[in-house]
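Please look over the sequence and the structure shown here before reading the short report that follows them.

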Amino acid sequence: MSETNYSQIAPIIEDLAKKSQKASYINPELYSTYNVKRGLRDINGRGVLVGITDISEVNATKRVGDAIIPCDGELYYRGYNVQDIVRNQSADNHFGFEEVIYLLLFGQLPTEKQFADFKKLLSDYRSLPPNFTRDVIMKKPSQDMMNTLARSVLTLYAYDANPDQTSPVNVLRQCLQLIANFPLLSVYGYQVYKHYYENGSLILHNPNPALSTAENILHCLRADSSFSPLEAKLLDVCLILHAEHGGGNNSTFTTHLVSSSGTDTYSAIAAALGSLKGPRHGGANIKVVQMFADMKKQVRDWTDEGEVKQYLSDLLDGKVFDKAGLIYGLGHAVYSISDPRAITFKGFVEKLSREKGYEKEYALYQLVARLAPEVIADRRKIYKGVSPNVDFYSGFAYQMLGLPVELYTPIFAIARIAGWSAHRMEEISSDSKIMRPAYMTVQPHRDFVPMEDREETSPQED
């Protein structure tokens, strides 16, 4: 098949797709009939309990007497409140993310010597195999950086002398190498994409062993390798806040699910990347940025509450932006009153908006954060509170940093690989079984019909 025809949809495929779609449809009412928790969550947003973890904790409710009531959201890494972790980072370094990696993997905050040794280990691992960039990343560049990242991870399997060895020591080595190299795989993939698809200059900087993960992202991405201390600090905080979010988020659950089969590290992490690529998971901040871009075009006065409120109403009515009837960046599957990551991140975003001259944009974000929950409550039946989530601010932060939209989700992955690695280690270190949840079949049994007796159906009947 020629390259031009490879992606072509022939008329027969269109007809077969209709048949398949009809055969694949499940009546949503059946989920209530059989009390099946669709999306593994109940109507109040509580997840179905499928595992036990020591790594992190996501709280959105508290018990008062016999009642469970909503509360301000809390996120804990190995028992430490993430807001305390960020608050206690010293102002003169940008290594908070590396400290969080250590905490998630080993269960304790490192001593000065342990931290120095760990940073050196990550720095030593921050090097791709010989000719990998040329033979893999540059050979057939993709227009999607998550595809490039996943493909690179799977190809690293071929460079590993012991890829299928799932002993804790070997898996830890593989995870640390992936953690160290995700920034290179992501940034180099983008630079090659920009060169081949947008005719940009191809500049590939070697990582600087003296720099942190956040600093190396900016160093490798920018042609002049320059960045301000606040820029690096904000990106570092963003990595900390995205590093882990409980075992139940889609990509981390994918890591547990795939790891439970006994497969290799590269396959497990590539599966997690496939999950994170989905716009319902890792691409939310892109939608927020695009929504605000449309809002700034249509709202003449960004300070006019009535005008902004009308735009938000039009969003819910599906009249503007992508016509999906959603206000992006508001609400969360678990949090109701507040997302602690958003609260923590907001202060750093405000500081950067002043440094970069984005005060008007930041004020608009704050206005939407205040008005949108009111608009949603007035127009929709909701079962729990609605508040800005971390994606509400992260895309704006990346925009101020001058990061390309193509890297928004890969930066999420650069952070979350820390949590994925911790959960993979947890899965293989426990005496776990392969995950095999149950599905209820609603298809009635039928008698087999010989081919000569089968009746042809028309497209309309299909």
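The report below describes a predicted model, taking up a pair of helices and then a set of paired strands.

## The helix pair

Two packed helices are described by the angle between their axes and the distance between the axes. In this model, helix α12, which covers residues 250-259, and helix α13, which covers residues 265-277, have axes that come within 8 Å and cross at roughly 150°. Because angles over 145 degrees count as roughly antiparallel, α12 is roughly antiparallel to α13. The crossing of these two helices, α12 and α13, is right-handed.

On the α12 side, the residues that meet the partner helix are Asn-250, Ser-251, Thr-254, Thr-255, Val-258 and Ser-259, while α13 contributes Ser-267, Ala-268, Ala-271, Ala-272, Ser-275 and Leu-276. Sorted by class, the contact of α12 with α13 holds seven polar and five nonpolar residues, with no charged residues.

## From β1 to β2

Strand β1, made of residues 56-64, pairs with strand β2, made of residues 67-77, in the antiparallel sense over eight bridges. Within this pairing, Arg-63 has Ile-68 of β2 as its bridge partner. Two residues lie between the strands in the hairpin of β1 and β2, where Gly-65 takes a positive phi near 65°.

## From β2 to β3

Strand β2 also pairs in the antiparallel sense with strand β3, residues 80-81, and here the pairing runs over two bridges. The bridge partner of Tyr-76 in β3 is Asn-81. The hairpin of β2 and β3 has two residues between the strands, and in this hairpin Arg-78 takes a positive phi near 50°.

Definitions and conventions
Residues are numbered from 1 along each chain as its sequence is written. This is a predicted model: local features need pLDDT of at least 70, side-chain atom pairs count only at pLDDT 80 or more; totals for chains, interfaces and linings use all residues. Side-chain values use heavy atoms; hydrogens and water are left out. Axes are lines fitted to C-alpha atoms, for helices over the stretch in contact, and angles run from 0 to 180 degrees between N-to-C directions. Helices (H or I, at least four residues) and strands (E, at least two) are DSSP runs, numbered from the N terminus. Angles under 35 degrees count as roughly parallel, over 145 as roughly antiparallel, 65 to 115 as roughly perpendicular and the rest as oblique. A crossing is left-handed if the near helix is turned anticlockwise from the far one by less than a right angle, and right-handed if clockwise. Contact means heavy atoms within 4.5 Å. Ala, Val, Leu, Ile, Met, Phe, Trp, Tyr, Cys and Pro count as nonpolar, Asp, Glu, Lys and Arg as charged, and the others, Gly among them, as polar. Two strands pair if DSSP finds at least two bridges between them.
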